[in-house]
Amino acid sequence: MYKLSTEQKERLGREGYLVVEQLLDPRLDIRPLLDEYEAVLGRIAQSFYAEGVISSTYINLPFDARLIQICRESGRSLSQFFDISLPQRAIRQDTPIHTGPAVFALLTSPRLLKVVEDIVGKEIYSNPVQHIRMKLPSQARTSASSDGLNSKIPWHQDNGVVLPEADVATILTVWIPLNDATVENGCLQVVPGSHRGGLEPHCPGPAGAAIPERLVPEDKAIPLPMRAGSVLLMHQRTIHSSLDNVTADRVRMSLDLRYQPVGQPTGRPSFPGFVARSTTHPESVLHDPRKWANLWLEARDQLAREEDAAFNRWQAGIGVCA
Ligand SMILES: O=C(O)CCC(=O)C(=O)O
């Protein structure tokens, strides 16, 4: 089983990020997930077609072309149908979410958790701040169909997009491209060493909370093209963003997951996490993908009955955001 070397751990501590090349097997670890997303897209196509929003289900198109076509023709964002999380407002009993078995299999992949263990320790909690991002070519999106999951992401620190309760937690971001992430299709970029500063102010915006550009040393940023199956580990205060997808017809697909020691606050208390690995309490580990999916359905039921919960610590229009 792959284990991080001392040199890799030191590099992560020094630079705030580490790319572990080819940790996952695209055929064994990623293909089942892509198959699951094909099925989700098929269901969206059927339902939009039945609604009269699209003129065909485009069943014969390959995944990227079908997603782009349905998004273009419907003028709608499809992100929430695929996402592994609920949105942060206006949750309804029928808000879509996709928590399929292949997603759970990747979240709990032993190869992945072994590497996470090298940083977080043996008692691992899967933090509910997790997404699938299908970044569309910029020319395929309109302002109505753009959102924080299918477009360019502004500069931020992951610590800045959770509640202050998580400031004391050690939350490791794990970013996994499901197809090759390139400068053209919108890979991530990071500011090496930026995690050693504090938490920068963030301002709420359409693609999520963002650090004002004048506070970001952009000249120090480096893009991180990555092959499918490679894994990026990132400190919670590393400043990062993602580039735009300037290709004509390719979708950039990635998962961003987060893990932390069991017992620490997640920063999103309204959403469910779970114990992914434990040596001291093996009976607490969640193994059943249906139980995991149910945790999200129960959270959705609960949140649909309440006022919008708090997810953000920043306010627009004050201080640096004014
Ligand atoms: O995948 C992306 O484009 C952005 C991801 C990101 O910024 C994050 O996971 O915090």
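Predicted model: local features only at pLDDT ≥ 70, side-chain atom pairs only at ≥ 80, totals over all residues.

Student: Fine. How many residues of strand β3 are buried?
Tutor: Six of the six residues in β3, which spans 172-177, are buried. The strand is therefore largely enclosed by the rest of the structure.

Student: Which residues point which way from β3?
Tutor: L172, V174 and I176 point one way. T173, W175 and P177 point the other way, and all of them are buried.

Student: What does β3 pair with?
Tutor: One partner is β8, residues 252-261, antiparallel over six bridges. In that pairing, I176 has L255 of β8 as its bridge partner. Another partner is β6, residues 231-234, also antiparallel, joined to β3 by three bridges. There, T173 is bridged to M234 of β6.

Student: What is the strand order in the six-stranded sheet?
Tutor: The order is β1-β6-β3-β8-β2-β9, with antiparallel pairing, and the sheet is open.

Student: Which strands stand at the edges?
Tutor: β1 and β9, the latter at 274-277. Each has a single partner strand, so one side of each is left without a neighbour in the sheet.

Student: And the twist?
Tutor: It averages 30 degrees from one strand to the next.

Student: How many bridges join β2 to β9?
Tutor: Three, and the two strands run antiparallel. β2 covers residues 124-135. Y125 has V275 of β9 as its bridge partner.

Student: What packs on that sheet?
Tutor: Helix α1, residues 6-15, packs on the sheet and touches β1 and β6. The direction of α1 makes about 140 degrees with that of β1. Then there is helix α6, residues 110-120.

Student: Which strands does α6 lie across?
Tutor: β1, β2, β3, β6, β8 and β9. α6 runs at about 150 degrees to β3.

Student: Now the other sheet. What is the order of its three strands?
Tutor: β5-β4-β7, open, with antiparallel pairing. The edge strands are β5 at 222-224 and β7 at 240-242, and each pairs on one side only. Neighbouring strands are turned by 30 degrees against each other on average, direction ignored.

Student: How many bridges join β4 to β7?
Tutor: Three, with the strands antiparallel. β4 is residues 188-190. L188 stands opposite S242 in β7.

Student: Remind me what holds strands together in a sheet?
Tutor: Strands of a sheet pair through backbone hydrogen bonds, either parallel or antiparallel.

Student: Switching to helices. At what angle do α2 and α3 pack?
Tutor: About 30 degrees, with their axes 11 Å apart. α2 is residues 26-51 and α3 is residues 63-74. Angles under 35 degrees count as roughly parallel. α2 and α3 are therefore roughly parallel to each other.

Student: Left-handed or right-handed crossing?
Tutor: The crossing of α2 and α3 is left-handed.

Student: Which residues make the contact?
Tutor: From α2, E38, L41, I44, A45 and F48. From α3, F63, R66, L67, I70 and S74. By class, that contact has seven nonpolar, one polar and two charged residues.

Student: Where do Q22 and A90 lie?
Tutor: Q22 lies in the loop between β1, residues 17-20, and α2. A90 is in the loop between α4, at 79-82, and α5, at 101-107.

Student: How exposed are they?
Tutor: Q22 is partly exposed, with 13 other C-beta atoms within 10 Å. A90 is exposed, with 9 other C-beta atoms within 10 Å.

Student: Last one. Where does E306 lie?
Tutor: In the segment after α7, which covers 289-304. E306 counts as exposed, with 9 C-beta neighbours inside 10 Å.

Student: How many residues separate E306 from I119 in sequence?
Tutor: They are 187 residues apart in sequence. In space, E306 and I119 are 37 Å apart, C-alpha to C-alpha.

How values were computed. Residues numbered from 1 in each chain as written. Axes fitted to C-alpha atoms, helices over the stretch in contact; angles between N-to-C directions. Helix = DSSP H or I, 4+ residues; strand = E, 2+ residues; numbered from the N terminus. Parallel < 35°, antiparallel > 145°, perpendicular 65-115°, else oblique. Left-handed = near helix turned anticlockwise from the far one by under 90°. Contact = placed C-beta atoms within 7 Å. Nonpolar A, V, L, I, M, F, W, Y, C, P; charged D, E, K, R; others polar. Buried ≥ 20, exposed ≤ 12 C-beta atoms within 10 Å, placed from the backbone. Pairing = 2+ DSSP bridges.
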